[in-house]
Amino acid sequence: MSVAYASLLMFQVGARCFAAPVAAIARIHKGKPGSDTNPVQGTALGTPLFGKRGLTVAVDGRNRTLVVDQVLGVRSVPAGDLRAMPAVAGACLRSRAVTGLVLLEELLTVVVDLEALIREADASAGPKPDPRPTEEMASHAQ
Amino acid sequence: LHIIMADLDAWLFCLRLLGARYAFEAQLVSEVVRMGPLTRLPSAPAFLPGVFTHRGEVVPVLDVQQLMGQGAVAMTPNTRAAITQCGEWKVAVVAEAIEGLVCVPTAHLDPAPGSAKGVAEFLANVARDPKGEIAVLDLNRLVEVARARSVPA
């Protein structure tokens, strides 16, 4: 009888450890992610303390990099150790990026959908200013 | 006669919160557990301090004191919680102390005060026994309010 496994990347933001499916991650940055990586700093997971690593994820066809403090490695976890979020807890969380939990050494670690997490961070940051000049600015320029 | 007498009694599961006696209907409480290590959840409200595993199942912890707008129950290695079942939802209600089962004659159950504010918002009844008053909590109402307060405005 074969046992199904899930590959999870373990990472840290601040003092807390999280897991995300490896398949969703296009690249791991070993240094501090630069502005060219479209970095995302503050999310529902918190704000990184040092931000010396980055996880690049494709979001709506564009590469975005979640800035994290540490990448702890990849764990191959039996599917039986993955747990759904309890209904009460799921209904009370403001973030929809928390998809479940994984049991590692008898402790639960939160599993995160990185794509959803970055989308939420973008939505809470509000619309970005349009770099194109407005009609008023254009008339002043003339 | 014994059966008739039993029907006239209400069984409550009593715990201590905010220095006072609170209870749930006994049938809603399945067991009492000593709190293990909690996993905090991102973006969780203060009244949901985390989740833990119990017999392989993930159980969320509800801090009723925080839901009532009071200070948090202090979490120590001796802190205990009552695992309750509200419909299909299971929650561990963390308490300052656990008193256990209390039998109260239904004649000693009074309706909750009609206020929709503060602790009264969550009460189903007020019971009396020789040790004093017991505020009987409405578990369904607690869970409903917890959900409603979690939805961003």
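**Figure 1. N38(A) in the loop between β3 (25-29) and β4 (39-40) of chain A.** Helices (H or I, at least four residues) and strands (E, at least two) are DSSP runs, numbered from the N terminus. The phi angle of N38(A) is near 55 degrees, a positive value for a residue other than glycine. N38(A) counts as partly exposed because its relative accessibility is 22%. Here buried means under 20% relative accessible area, exposed over 50%, and partly exposed in between, with a 1.4 Å probe and protein chains only. Residues are numbered from 1 along each chain as its sequence is written; chains are lettered from A and ligands numbered from 1 in the order in which they are written.

**Figure 2. T37(A), in the loop between β3 and β4 of chain A.** T37(A) has 11% relative accessibility and therefore counts as buried. Leaving aside neighbours within four places in sequence, T37(A) is in contact with H29(A), N63(A), R64(A) and T65(A). Contact means heavy atoms within 4.5 Å. T37(A) and V67(A) lie 30 residues apart in sequence; their C-alpha atoms are 9.9 Å apart in space.

**Figure 3. D60(A) in the loop between β5 (53-59) and β6 (62-68) of chain A.** D60(A) also carries a positive phi, near 50 degrees, and is not glycine. At 60% relative accessibility, D60(A) counts as exposed.

**Figure 4. The aromatic pair of the structure: 1 is found over all chains.** F11(A) and F18(A) form this tilted pair, with 6.0 Å from centre to centre and 35 degrees between the planes. Rings of Phe, Tyr and Trp (its six-membered ring) pair if their centres lie within 6.5 Å; planes under 30 degrees apart count as stacked, over 60 as edge-to-face and the rest as tilted. Both F11(A) and F18(A) are buried.

**Figure 5. The largest pocket, holding about 280 Å³ of space.** Its lining has 16 residues, and C17(A), L107(A), L108(A), T109(A) and T39(B) are the closest to the centre. On a 1 Å grid over the protein atoms alone, a pocket is an open set of points where a 1.4 Å probe fits, with protein on both sides within 12 Å along at least five of seven lines; lining residues have an atom within 4 Å of a point. Points are joined across faces, edges and corners, and the volume is the space filled by probe spheres set on them. In chain A, β2 (16-21) and β10 (107-112) each supply at least two residues of this lining. The largest share, 4 residues, comes from β10(A). By class, the lining of the largest pocket has 10 nonpolar, 2 polar and 4 charged residues. Ala, Val, Leu, Ile, Met, Phe, Trp, Tyr, Cys and Pro count as nonpolar, Asp, Glu, Lys and Arg as charged, and the others, Gly among them, as polar.

**Figure 6. The second largest pocket, with about 200 Å³ of space.** Of its 15 lining residues, E25(B), L28(B), A124(B), L137(B) and D138(B) are the closest to the centre. Five elements of chain B, β1 (9-17), β6 (80-86), β10 (123-129), β11 (132-137) and α3 (139-150), each supply at least two residues of the lining. The lining of the second largest pocket divides into 9 nonpolar, 4 polar and 2 charged residues.

**Figure 7. V136(B) in strand β11 of chain B.** V136(B) has a relative accessible area of 3%, so V136(B) is buried. Beyond four places in sequence, V136(B) is in contact with L12(B), A23(B), L109(B), F122(B), L123(B), A124(B), N125(B) and A127(B). V136(B) and R16(B) are 120 residues apart in sequence and 12 Å apart in space, C-alpha to C-alpha.

**Figure 8. Chain A, with 3 helices and 10 strands.** From the N terminus on, the elements run β-β-β-β-β-β-β-β-α-β-β-α-α. Chain A has 142 residues, of which 41% count as buried. Among its contacts between residues at least 6 apart in sequence, 56% join residues at least 24 apart.

**Figure 9. Residues 1-5 of chain B, where pLDDT stays under 50.** Where pLDDT is low, the predicted coordinates should not be read in detail. Chain B as a whole has a mean pLDDT of 89, and 92% of its residues reach 70 or more. The model scores ipTM 0.82 and pTM 0.85.

Terms used: Predicted model: local features only at pLDDT ≥ 70, side-chain atom pairs only at ≥ 80, totals over all residues. Heavy atoms only, no water. pLDDT = per-residue confidence, 0-100.
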